[in-house]
Amino acid sequence: MIRATALVFGLALADSAVAQERPYTALPSPVSATCPGGLCQPEGLLAFFGAIGQRRPVTIVQFGDSHTAGGDITRSLLWRLQSRFQGVPIRLQAHGVVGATLNGMAGREELFDDGEARPDLVIIAYGTNEGFDDLLDPGTYERLLRSQIERVRETSPGTAILILGAPEAMRGDGGGRCPGDTDHRWKAPEMLSVVRDLQHRVAASTGVAFWDWRGRMGGDCSAFALTRGEAPLMRGDHVHFTGPGGDWIGSLLAADILAAYDRRAGGR
């Protein structure tokens, strides 16, 4: 277990070293209008914060789609957590599948791998592919999301849960109104906002933490804006992040988690 953690940490350090060789460019840090500090229900992370405070090995498990499978976001998050809490062994196990939906998590016969310690934090990072499904039934999706939260709680009592709200993403089949999109090509699927709203509402009603990924990207048209410039943070498909973009969004997620941790420590 320690060896696996060291390997991921080493990769993150290598990526960071490469980034530091580039000329400094200030990256955007949009403010979430939905969740103060980017996180709603930060109290849902108290069990995770408590585990870190005990300075014992800490395990994070993330389930998700291609954003998770790509590895840039999870590496960025892990490296920043390890850098802040030196001396605390932190391991992040990512189960990411390209094209996956929440059905992928639901379809796992065993939620956690045999022989692995029960996680201190489970991150649920789906929603993009559901948002591109025009035939998605919102009621069915809501029931599925609630069932997976309950499944985590039954399988691993006391584990903190964090839902990453679906990020901004776009189709290129017309109807867009983003500034700079002279062809009016790029537009977010309507179902994507439905999925995101359901995630937000379910998180609030079940008391789990929710991160406003879309808001921290910049909200409307951010998936278009982030493809622009000499060093774009999103790829031309307006769905996936570049390497630097994944590191950037992971850094915002880490910053919001750490800010919530500091607020808790200060209040205590």
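Select helix α4, residues 72-84, where Ile73, Thr74, Ser76, Leu77, Leu78, Trp79, Leu81 and Gln82 are buried (under 20% relative accessible area with a 1.4 Å probe, protein chains only). Helices are DSSP runs of H or I of at least four residues, and strands are runs of E of at least two, numbered from the N terminus. The model is predicted, with local features requiring pLDDT of at least 70 and side-chain atom pairs pLDDT 80 or more, while totals for chains, interfaces and linings use all residues. Residues are numbered from 1 along each chain as its sequence is written, and side-chain values use heavy atoms, without hydrogens or water.

Next, display the strands. An open sheet of 6 strands has the order β1-β6-β5-β4-β2-β3, with mixed pairing; two strands pair if DSSP finds at least two bridges between them. Because β1 (39-40) and β3 (90-96) stand at the edges with a single partner strand each, one side of each has no neighbour in the sheet. Return to α4, which packs on the sheet and touches β2 (58-64), β3 and β4 (121-125).

Select β5 (residues 160-164) and β6 (residues 209-211), which run parallel and are joined by 3 bridges. Ile163 has Phe210 as its bridge partner in β6.

Finally, turn to the largest nonpolar core, which has 45 residues (buried Ala, Val, Leu, Ile, Met, Phe, Trp, Tyr and Cys joined through side-chain atoms within 4.5 Å). Phe48, Leu162, Trp211, Ile249 and Ile257 touch the most other members. Helix α11 (residues 243-267) gives the most to this core, with 9 residues. Another core, of 27 residues, lies apart from it and includes Cys35, Cys40, Tyr126 and Tyr141.

Note on methods:
The expected span of a helix is 1.5 Å times one less than its number of residues. Buried means under 20% relative accessible area, exposed over 50%, partly exposed in between (1.4 Å probe, protein chains only). Contact means heavy atoms within 4.5 Å. Axes are lines fitted to C-alpha atoms, for helices over the stretch in contact, and angles run from 0 to 180 degrees between N-to-C directions.
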